[in-house]
Amino acid sequence: VKSLIALYPARWRQRYGTEMAHLLKDLAPFSLAARLRVAADLIRGAIGAHLSKEFRMTIDLGGAIRGYPGVPRHRWRIVLGLAVLGLLAAAAYVTVVPRVYTATAAVNVEPTAANQNNAVAGSHTVGATVNLDTEAQVAVSIRVAAIARRMLHSPVTPWTLAQRVTDTIPPNSTLLDIACTASSAIGAATCANDFAKAYLQNRSQSATNYLNQQLAKLHQKINALNQAESALSTKISALPSDSPARAADQARLKTDQNQSAKLTQQYAATSALAAQTNGGAVITSATPPGNPSSPSNLLVLPGGLAAGLLLGLIAAFLRDRRDKRQTSLPTR
Amino acid sequence: VTGLGRFADPSVLVLASLASGPKHGYALIKDIQGFAATTVGPGTLYAALHRLQQRGLIEALPEQDRRRPYQLTPAGVEAARTYLRHASQVTAIGLSRLEGYA
């Protein structure tokens, strides 16, 4: 507690320092509460002493500012005052403004069966099959947001939810970093993780849908061929064995059978691709961040100080110019 | 004065305390605790001592054992008397008016 006497102006300390130190020694020992009370009292007293007319000239904080060539010596107090004000305003802003937390989940995007013919030259691609630029857009789409919204049991619209999410592609990677902002650290992490899951779910669903469509088309073609084949078989069996039409129909049947065998093969191959609808995995889950992403003390506090300092310098210059003008007026 | 805590004017407390003779900082705090049931912090006490000295209401005596006692000046006696009389008038009227309340 005694060291707080150092906060007083030098001339105050010269006059009262010794006796105050003795007083504190006489008052000791202090309980913790008493120590805090006495400390607060001394700080208040020191501020009062600095503000009193008699002592305030002895504050020696402005040396650097006073030394600045353009600023007149007696103006440094404006500069210091406004700088402190700027810092205080920044501190107040940091404490008052709502905190925003950001958490990021990393997803490794792998090609699915739906990406077989997707090569896009010169883009972020995986083996020329997955277009990550497209995937980055998909991950923040309303469709993915709607899935994530159900996972999060969020009351907001998918559109509002999607506004909170951004994603980036780390250079030369097949990764997608999905970042989500929220008013709490846990909320941000849950949101980022659910978005990553929702994105993968959507991706897998899209691949499955695409495959099912392909399979359905093939199935349709094979069915049509089978019908044509049985119709031809019936027709052939009704024709005499030496009929020229019979030979022609038999040739047609042969072609149809070949084609249907090919399609059946294709169907089997496409079915096998159904295993490839996974589309990727979350490789790094989002964890609740320790510090809010905004406001950033490191950014706001120096910013407030700098702004205050600048305003103070301007104010000092303006004040000085006005004073000079006044003193140069002719006196009656 | 009691009940108002640190809002009680420390200058008045110091003047009232010094009325019973010169005292140094520690003696002042203890004395004020005794008659006003208020603890004046060291920062507050020295701010008051400084103000009173500037107005010539008290003066510092030579140091004794590195503790400096302060005493009332004639102007301080007069100022304390005037202030306390006025305060007691206000107190008397205020109290009589408050009698109407439960």
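**View 1. Helices H8 and H9 of chain A cross with a left-handed sense.** Welcome to the first close-up, taken, like the others, from a predicted model. H8 covers residues 185-238 of chain A, and H9 covers residues 244-273. Their axes approach to within 9 Å and cross at roughly 160 degrees. Since that angle is over the 145-degree limit, H8(A) counts as roughly antiparallel to H9(A). Sorted by class, the residues in this contact are twelve nonpolar, twelve polar and seven charged.

**View 2. Helix H5 of chain A packs against H8(A) in a right-handed crossing.** Two numbers set up this view, because a pair of packed helices is described by an angle and a distance between the axes. For H5(A), residues 132-139, and H8(A), the angle is about 120 degrees and the axes lie 10 Å apart. Which residues make the contact? From H5(A) come A:Glu135, A:Val138 and A:Ala139, while H8(A) supplies A:Phe195, A:Tyr199, A:Asn202 and A:Arg203. By class, that is four nonpolar residues, one polar and two charged.

**View 3. A:Asn202 sits in helix H8 of chain A.** Here we zoom in on one residue of the contact between H5(A) and H8(A). Is A:Asn202 buried or exposed? Its relative accessibility is 6%, so A:Asn202 counts as buried, the limit being under 20%. If you set aside the neighbours within four places in sequence, the contacts of A:Asn202 are A:Val138, A:Arg143, A:Val144 and A:Ile147. One of these, A:Val138, belongs to H5(A).

**View 4. The loop between strands E4 and E5 of chain A holds A:Asn172 and A:Thr174.** E4 spans 165-168 and E5 spans 175-182. Look at the backbone of A:Asn172 to begin with: its phi is near 55 degrees, a positive value in a residue other than glycine. It is worth a glance because most residues other than glycine have a negative phi. A:Asn172 has 83% relative accessibility and therefore counts as exposed. A:Thr174, by its relative accessible area of 26%, is partly exposed. Now follow A:Thr174 across to A:Val109: 65 residues separate the two in sequence, yet their C-alpha atoms are 5.7 Å apart in space.

**View 5. A cis peptide bond links A:Ser294 to A:Pro295.** Omega for this bond is near 0 degrees. As a reminder for anyone checking torsions, most peptide bonds are trans. A:Pro295 lies in the loop that runs between strand E6 (280-284) and helix H10 (297-327) of chain A.

**View 6. Helices H1 and H2 of chain B meet with axes that come within 10 Å.** We move to the other chain now. H1(B) takes in residues 10-18 and H2(B) residues 25-36, and the crossing angle is roughly 95 degrees. That value makes H1(B) roughly perpendicular to H2(B), because it falls in the range of 65 to 115 degrees. On the H1(B) side are B:Leu13, B:Val14, B:Ala16, B:Ser17 and B:Leu18, and they meet B:Leu28, B:Asp31, B:Ile32, B:Phe35 and B:Ala36 of H2(B). The class count for this contact is eight nonpolar, one polar and one charged.

**View 7. B:Asp65 has a positive phi, near 55 degrees, although it is a residue other than glycine.** Where does B:Asp65 lie? B:Asp65 is in the loop between strand E1 (58-60) and strand E2 (70-72) of chain B. With a relative accessible area of 64%, B:Asp65 is exposed.

**View 8. The two chains are set out as overviews, with ten helices and six strands in chain A and four helices and two strands in chain B.** Along its sequence, chain B reads α-α-α-β-β-α. Of the 332 residues in chain A, 35% are buried; of the 102 in chain B, 36% are. The accessible surface of chain A is about 19600 Å², with 60% belonging to carbon and sulfur atoms. Chain B exposes about 6000 Å², and carbon and sulfur atoms supply 55% of that area. In chain B, residues 24 or more positions apart make up 44% of the contacts with a separation of 6 or more.

Note on methods. Residues numbered from 1 in each chain as written. Chains lettered and ligands numbered in written order. Predicted model: local features only at pLDDT ≥ 70, side-chain atom pairs only at ≥ 80, totals over all residues. Heavy atoms only, no water. Axes fitted to C-alpha atoms, helices over the stretch in contact; angles between N-to-C directions. Parallel < 35°, antiparallel > 145°, perpendicular 65-115°, else oblique. Left-handed = near helix turned anticlockwise from the far one by under 90°. Nonpolar A, V, L, I, M, F, W, Y, C, P; charged D, E, K, R; others polar. Buried < 20%, exposed > 50% of the residue type's maximum accessible area, 1.4 Å probe, protein only. Areas by Shrake-Rupley, 256 points an atom, 1.4 Å probe, with all protein chains shown as cover. Contact = heavy atoms within 4.5 Å.
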